[in-house]
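Please consult the sequence and the structure while reading.

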Amino acid sequence: MKKKVELHPSWLRYLQPEFDKPYMQGLRAFLLGEKSAGRKIYPDGKLIFNALDSTPLDDVKVVILGQDPYHGPNQAHGLSFSVPVGVDVPPSLRNMYQELASDVGFVPPGHGHLQHWADQGVLLLNATLTVEARKAGSHQGKGWEHFTDAIIHAINDHCDNVVFLLWGGYAQKKGAFIDGNKHCVLKAPHPSPLSAYRGFFGCQHFSKTNAYLAEHDKPAITWQLPNL
């Protein structure tokens with residue numbers, strides 16, 4: 001949690017007060033207790049705030065909201081839906097690649113590392129920033145949701161014409177307060193194998209994102225990922 005002082009100044013301007021609030025103190029105590037008990041937590045501490053480190057507030061053009069980090073070994077590295085090079089592409093991301101292919105002619109690379117998107121202003125944010133190994137959702141309700149709400153509020157209040165991609169009921173509920181007159185909010189079912197066929201496939205969110213950005217004189221996102 002000490003990494004807070006290393007966040008980009010554009011984020012700290014609005015998030016610094018969060019670190020002094022009771023919920024964050026409780027969250028810090030919880031994480032320290034879990035580590036003291038020998039429980040493995042993902043991602044590694046230095047990567048917990050990777051989404052914010054990778055995409056400063058001033059650069060945010062798109063937000064892709066996930067739920068919690070991957071809980072398998074070597075998967076989570078602080079960017080929602082993304083995995084490091086050398087790790088199998090997870091099912092939801094494979095479905096995202098399939099939609100990208102039909103929507104914008106994307107050619108799936110041999111990896112699931114989405115840093116290239118983050119570098120262009122796509123904030124890959126999970127609602128919960130840590131998880132216990134092999135226990136999906138294990139750190140939900142411990143305080144992270146308050147912190148990530150503060151992140152979304154900062155974007156909503158201090159940025160203009162951001163595209164929010166809200167996939168699935170959880171993301172849509174979390175983003176319910178986003179100002180749809182100031183930003184573009186695109187909703188679809190989650191890309192997981194359980195729901196992708198209910199409307200994620202064919203949603204064309206990636207081309208719609210770039211069309212909206214172009215309308216507001218912002219550079220398009222190059223969705224195609226480099227081969228790494």
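## Basis of the report

Where is the place of D68? D68 lies in the loop between β2 (62-66) and α4 (91-104); helices (H or I, at least four residues) and strands (E, at least two) are DSSP runs, numbered from the N terminus.

The model is predicted: local features need pLDDT of at least 70, side-chain atom pairs count only at pLDDT 80 or more, and totals for chains, interfaces and linings use all residues. Residues are numbered from 1 along each chain as its sequence is written, and side-chain values use heavy atoms, with hydrogens and water left out.

D68 is buried because its relative accessibility is 19%, where buried means under 20% relative accessible area (1.4 Å probe, protein chains only). Beyond its neighbours within four places in sequence, D68 is in contact (heavy atoms within 4.5 Å) with residues including N126, T128, G137 and S138.

## Helices α2 and α6

Two packed helices are described by the angle between their axes and the distance between the axes. Helix α2 (residues 22-36) packs against helix α6 (residues 144-158) at an angle of about 130°, and their axes are 9 Å apart. This angle makes α2 oblique to α6, since angles under 35 degrees count as roughly parallel, over 145 as roughly antiparallel, 65 to 115 as roughly perpendicular and the rest as oblique. Y23, M24, L27 and L31 in α2 meet W144, H146 and F147 in α6.

## E34 in helix α2

Helix α2 also holds E34, which counts as buried at 13% relative accessibility. Apart from its neighbours within four places in sequence, E34 is in contact with R39, I41, E132 and H139.

Key
Buried means under 20% relative accessible area, exposed over 50%, partly exposed in between (1.4 Å probe, protein chains only). Axes are lines fitted to C-alpha atoms, for helices over the stretch in contact, and angles run from 0 to 180 degrees between N-to-C directions.
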